[in-house]
Amino acid sequence: MNETLAPVREDETVEPSLPRGSLAKTAVTVLDECVVEIISDSGEGAQRCGQSLGAIAARMGNGVWTVEIIPAEIQPPARSVAGASGNRIRLGASRIANGGDGVDVVVAFNEQVLLGRVRAGELKPGCTIFLESMWRTHGDARIAAAYRETYEELVERGYLVVEVPFERLCKPVVPDPRRGKNMFVLGLLCSLFSFDLKLAREQVRLTFRKKSDTVVRANLALLEAGAAWAEDNLDVKYRIPAVRATEPQIVVNGNTSLALGVLASGMEICAMYPITPATSASHYLSEVFERVGGIVHQAEDEIAACTFAIGASYAGKCAVTITSGPGYSLKQEAIGLAVMCEIPLVVINVQRGGPSTGQPTKGEQGDLLTAIYGSHGDAPKVVMAASTIEDCFYSVITARKIAEAFNMVVVVLSDSNLATSQQPFPRPKFDEAWLAPPIDQSPVPFGTKPYDWNPDTGLIRRIVPGQPNGMHTITGLAHDRDSRVAYDPVINQEAIRARSLKLAALQKTLKAPPVFGDPEGDLLIVGWGSTRGAIEEAVTRARAEGLKVSSTHLHFLQPLQPGIREIMQRFGKVLCVEANWCDRPEDRLIDENNRRFSALAMMLRSRFLVDIDCWGEVMGQPIKPATIHDVIRARLA
Amino acid sequence: MSMPMHDCLIRMVEDDHPLEDYQSGIPRWCSGCGDNAVLAAVQRLCRDENLRPEKLAFVSGIGCASRFPHYMRTYGFHGIHGRALPIAEGVKMARPDLHVFVNTGDGDCCSIGAAHWLHAIRYNMNMTVVLHDNHVYGLTKKQVSPTSPKGLRSNTTPHGSYLDAMNPLTVTLGVTNVSFVAQAVDWIPEAVYAVIRAAYHHKGFSFVRIIQRCPEFLPTMWEPWLRDPEKTLLLEHEDGIAYSAGLQRIYKNRQAHDPSDIHRAREIASSIDPVPVGILYRDESVPCYEDVREAGKPRPIEMVKSGLEAELDKFTVWPDADETGRTA
Ligand SMILES: Cc1ncc(C[n+]2csc(CCOP(=O)(O)OP(=O)(O)O)c2C)c(N)n1
Ligand code: SF4
Ligand SMILES: [Mg+2]
């Protein structure tokens with residue numbers, strides 16, 4: 001290594017997070033997995049670098065999970081601890097389903113954003129840091145001093161800090177190195193992880209496909225420069241074994257996956273109002289929906305978005321509205337209308353931290369009970385949750401089908417964790433059955449009633465405007481089989497019964513959730529939504545230690561899938577794990593009579609009359625496998 | 001509203017619909033309620049235009065006026081308070097082939113649904129919107145409304161209401177993309193019919209305010225206007241409405257008004273004494289949102305498939321055969 005490299009400290013009190021090289025060129029070290037972060041001020045391209053690295057790793061055949069690191073402000077001040085923007089990429093030899101615990105390798109464009117990550121406890125002890133060194137000699141003495149102080153502190157803490165003058169190294173290649181160094185870093189990392197440069201070049205071309213040739217060439221040159229620098233200056237190289245995929249895969253984040261699901265579902269109208277973290281799904285949909293004859297309508301507010309979608313669904317094919325917590329609350333009255341009138345509707349809620357404006361860019365699962373019991377009165381609706389990026393795609397297709405088959409509102413829950421994470425999954429193979437059939441415009445047989453509730457299933461056959469002889473007025477008022485306002489209490493109860501029965505009819509078609517791990521044991525973890533990857537990894541680790549723990553993940557929250565009771569019966573204890581608060585029994589005032597359980601636990605306890613425990617965390621960050629692993633150990637101690 | 005060609009052709013070979021084909025149930029409005037006048041005019045319009053009942057969708061919010069769709073033997077959507085317009089927009093976007101009517105009250109449109117009203121004007125979707133303005137909340141039993149005259153004693157303003165009334169006409173005329181504004185009073189059925197008919201024939205968001213009496217809660221409010229024909233101003237124009245000789249004999253206070261003159265329309269709109277009746281404004285050139293968005297375009301499966309495949313391509317990592325299994 002040259003002079004830019006800090007010496008590895010002799011008295012290593014901190015174990016290095018990864019095997020480190022010596023000054024002599026060493027053989028490639030094989031790793032099972034590695035977590036990398038690239039962080040910068042916003043606008044320095046760390047996101048793009050991270051996403052490209054993830055895509056290259058996917059092409060290599062590695063398991064990948066990427067997570068966006070998003071500052072809360074649009075333009076946080078430069079070099080600020082709270083302003084870290086970038087990407088975490090977890091690479092593995094096999095499938096990766098969450099962002100992992102701590103970071104092994106960090107590339108930071110200034111020491112302040114790095115400090116933000118250090119303070120958040122995201123760095124593994126002894127991890128390797130590639131740090132932009134230009135600040136050491138900065139003209140502003142305070143900046144130079146801050147840099148040196150931080151550098152000393154990091155070295156003191158046992159991190160391997162490799163100073164790299166990124167901008168100086170990029171200067172000969174591009175006129176604006178501040179914006180180009182991200183691709184230099186990409187080259188460096190590709191070399192560090194022994195990635196195939198050919199794939200890296202292809203990825204760079206793809207990343208900049210909308211840009212001019214000059215831009216593409218400059219970025220390719222940066223990539224090469226970064227890789228060459230690493231070859232010349234680094235004394236370590238890693239390789240994470242990979243199995244090249246034999247099937248095509250797609251690499252997208254959860255929100256893009258949801259939007260692709262909307263395309264594939266055959267829905268034609270999406271009405272929305274912008275809200276973080278759901279917006280990017282609508283952004284992407286706005287870009288592409290028209291190409292397949294779809295329309296994204298940005299309404300004047302969420303109430304309008306939801307009622308617009310309801311109007312569109314009523315008169316045509318099932319429509320969708322996409323939102324997040326606060327917007328979801330605004331839609332409640334309209335959701336009740338769709339339930340009452342039995343209009344199919346898909347509502348996607350990409351959850352964020354709440355209540356109120358809460359933590360717009362952070363993840364939580366706090367809308368579960370609102371989704372199930374929300375609106376007002378007795379308003380049964382279907383609630384599903386996506387648990388992987390792939391699931392986001394297929395959940396929307398399934399939701400549309402259920403909505404139309406049962407004339408119900410189907411809520412699809414995702415959250416900001418899935419929204420911004422990427423994970424490769426097998427490229428979907430288009431199936432015509434995904435699409436909604438054309439709307440029926442045939443004459444309705446005389447005597448057909450619009451709400452002819454089936455006595456067993458509660459189902460009705462929807463009549464669509466335009467059908468001759470089918471004319472009737474639907475109403476949010478209690479109504480009879482002819483859709484006439486019902487003043488008769490018997491009819492009101494009959495209708496409520498029918499709308500309730502539909503959930504049971506759907507429930508009968510569902511399968512039991514699979515159990516991850518042995519079908520019996522001491523502890524069963526039950527989860528839902530984006531926590532799946534972390535829960536299953538924690539279960540795997542605990543099982544490797546001999547603990548008898550398994551998990552199950554619920555795709556449907558309303559109605560609950562069959563077989564859950566039987567699964568739970570085969571375990572000594574059941575614990576719900578979710579990104580929701582539950583009172584801690586150790587708090588002085590908390591006892592059996594006042595403890596608030598987390599949402600899922602509350603639901604399962606009331607349904608199954610089983611003493612289900614819960615654990616949750618609302619730190620805004622995805623729950624880490626190590627944290628859940630600790631919880632499992634504690635519960636089985 | 002204009003009518004698509006194929007509808008016209010079908011109509012030529014179809015039987016005429018008598019009035020009863022558009023009637024459903026017995027209206028539950030109070031006797032003397034102005035809503036009855038609107039219903040009669042709309043049913044007559046449907047018959048005279050020989051509209052196919054299954055191609056009609058009446059959308060409403062909540063209130064006395066919003067019961068309207070129940071009395072039409074057509075498709076109807078009696079929605080929730082204030083949201084008739086966005087529901088109707090969704091209907092129109094999904095089904096531009098349907099004739100969409102909206103019936104809304106002054107509370108429904110100008111209070112709880114006010115935001116939707118402004119934006120609906122801007123969207124300018126092809127629909128006929130009737131504001132049943134009885135200047136009070138009827139269904140919930142006499143509370144002040146945004147259009148109530150200042151000083152109105154209502155159940156929530158027992159000592160008289162505090163604020164000046166909002167004028168729905170001037171508000172509508174102030175919004176970008178306004179394309180049709182008309183007014184009539186329920187006690188001149190000929191005018192109610194004429195403005196609703198003109199609204200129906202206008203392609204765009206046709207806003208008709210009907211000054212509607214609520215004999216239950218404001219029995220005397222419009223007495224002076226009923227007694228004195230001078231307090232009514234009939235707007236006439238070759239491009240507007242022609243009134244019958246009989247009507248002209250009673251209502252002598254008439255004025256020529258060119259509906260393309262928005263400045264004059266705003267002046268006329270701000271008067272309640274005399275109350276203007278007729279077409280205040282019309283601009284056929286404003287584009288309709290559903291046309292801008294190309295709603296109702298055919299959407300073959302092939303199009304969805306190729307569109308989706310093209311998008312998936314963007315994100316696809318293809319296995320490259322020659323390198324399979326290269327790494328350990
Ligand atoms: C969300 C909501 N808030 C309040 C009501 C109660 N409500 C029903 S109708 C109405 C006002 C009706 O007044 P208007 O729109 O002028 O119609 P009118 O009855 O006068 O024809 C109110 C406040 C409701 N149904 N829904
Ligand atoms: S209360 Fe007034 S508006 Fe309502 S039906 Fe009676 S008269 Fe008509
Ligand atoms: Mg009213």
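## Chain A at a glance

Helix H14 of chain A is followed by A:Asn407, whose phi is positive, near 50°. Welcome to a predicted model, in which local features need pLDDT of at least 70, side-chain atom pairs count only at pLDDT 80 or more, and totals for chains, interfaces and linings use all residues. Side-chain values use heavy atoms, without hydrogens and water, residues are numbered from 1 along each chain as its sequence is written, and chains are lettered from A and ligands numbered from 1 in the order in which they are written.

**Overall build**

- Chain A holds 20 helices and 23 strands; these are DSSP runs numbered from the N terminus, with helices being H or I of at least four residues and strands E of at least two.
- Along the principal axes, the C-alpha atoms of chain A fill a box of roughly 90 × 60 × 50 Å.

**Burial and contacts**

- Of the 637 residues of chain A, 62% count as buried, meaning under 20% relative accessible area, while exposed is over 50% and partly exposed lies in between (1.4 Å probe, protein chains only).
- Among the contacts in chain A with a separation of 6 or more, 78% come from residues 24 or more positions apart; a contact means heavy atoms within 4.5 Å.

- H14(A) is mostly covered, with 13 of its 18 residues buried.
- Helix H5 of chain A (residues 177-192) has 16 residues and reaches 21 Å from its first C-alpha to its last, close to the expected 22 Å.
- H5(A) is also mostly covered, as 14 of its 16 residues are buried, and the helix is followed by A:Ser194, whose phi is positive, near 55°.

**A closer look at A:Ala486**

- A:Ala486 lies in the loop between strand E17 (473-475) and helix H16 (489-507) of chain A.
- A:Ala486 has a relative accessible area of 15%, so this residue is buried.
- Leaving aside neighbours within four places in sequence, A:Ala486 is in contact with A:Ala478, A:His479, A:Asp480 and A:Ile491.

Methods. The expected span of a helix is 1.5 Å times one less than its number of residues.
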